[in-house]
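Visitor: Hi, I'm new to this one. Could you walk me through it?
Guide: Happy to, let's have a look together.

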Amino acid sequence: MPFRKAIFARVGYMHYYSGSQKGDEKPQHGGAYNIKEIGHELFNFKKVKTKLFGYFQPYAPPEGSDNPVRVNIERINPKNKGNDFINNVLVIFVSKKKDYGQVIVGWYENARVYREYQPSKKDILRDDYWYNLQADIKNAVLLPENYRKFKIPTGKGSFGRANIVYLSEIDGQERDLDSSKFNWIKDAIDYIDSYDGQNLLIDTTGDAEKEIEDILESHQTSQAGQGFKITPELRKEIEEYSVSKAIQYFKKHKYSVTNVGGAKSYDLDCFKDGGTLRVEVKGTQTIGNSVILTPNEVRNAKKHKTALYILHSIKVDMVRKTYMLSGGEEKVINPWKITEQGNLKPLSYMYFLNKIKE
């Protein structure tokens, strides 16, 4: 893999990173500071005209230390020795997602990384919160909740106590990203380079679609007098359970299978005889007569060779406050001719109010 100017920056977890708002008041799981205070990453994806101004803390200084907290930009590129900032850096934000682990939440491409914190200016709209990153909105991605699935390891070879991972060692030597110790870095960058899913900076419908799906699923199961009410935790369990069953199904049918659900608008890439089959996976507690499709899923099915895999009638039990899934019946449509084998029914509209002059 050619040399890439990139860093992994660990921050507290938020949904929008666009200031404090109901249900998303401040960063969570960002270390001791975020327990009592509000982390400066609060505004990392707040739009300021065409720019974003981000923050992360490279490491925790010793208590009582007067030494400034700095980014070692020579470890991003040794040619920038002594400079105050470095340009064209890929900054990958990592955070701890509740009940899931450490995941990628978003990234800046072609960013400017400052060695030292920059004081907030009035026109930057970060209140009095500092920043040490800057990027164009067009070069940034903030993942919706249902796309925050790419896990980043902790411990040796990954994040230790520091909140930054460089692609080079302290002496400037490049890390071998093909080695087993660091191949997670290569995998993460490949994931970002191939990502074509939703982006909360330009498309806010992704979360609304999931909410609609959860509401309808809960309504259908309650109407049938069976099944658990859908929660985000149960939704995740059903998705993972259904995808695992789909992988087993297509492997049984002699396909080589790759799970791409965290990066694409569909779930599986299946390869056989030199061809590629895209697979959309749907899991449900209902009898599976209908499923919810997002606009991206519909567009994909219309444009590409795709199969629809439905795992319906999934049984859900609760054991010691943990969901336990079992059973399920498979319904597979391959090839899936979406307009011929079913009917699409619009469910909702996104209504944008015109600006009213006061």
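Visitor: Leaving aside neighbours within four places in sequence, which residues is Ile7 in contact with?
Guide: Counting contact as heavy atoms within 4.5 Å, Ile7 meets Phe56, Ile76, Val89, Leu90, Val91, Ile92, Val113, Ile164, Val165 and Tyr166. This is a predicted model, where local features need pLDDT of at least 70, side-chain atom pairs count only at pLDDT 80 or more, and totals for chains, interfaces and linings use all residues. Residues are numbered from 1 along each chain as its sequence is written, and side-chain values use heavy atoms, leaving out hydrogens and water.

Visitor: Is Ile7 buried or exposed?
Guide: Ile7 is buried, at 0% relative accessible area. Buried means under 20%, exposed over 50%, and partly exposed in between (1.4 Å probe, protein chains only).

Visitor: And which element holds Ile7?
Guide: Strand β1. Strands (E, at least two residues) and helices (H or I, at least four) are DSSP runs, numbered from the N terminus.

Visitor: Which residues touch the most other members of the largest nonpolar core?
Guide: In that core of 34 residues, they are Ile7, Phe45, Ile76, Val91, Phe93, Tyr108 and Val113. A nonpolar core is a set of buried Ala, Val, Leu, Ile, Met, Phe, Trp, Tyr and Cys residues joined through side-chain atoms within 4.5 Å.

Visitor: Which element gives the most to this core?
Guide: β4, with 5 residues. Another core, of 24 residues, lies apart from it and includes Phe159 and Ala263.

Visitor: Switching topic, what follows α4?
Guide: Lys254 does, with a positive phi near 70°.
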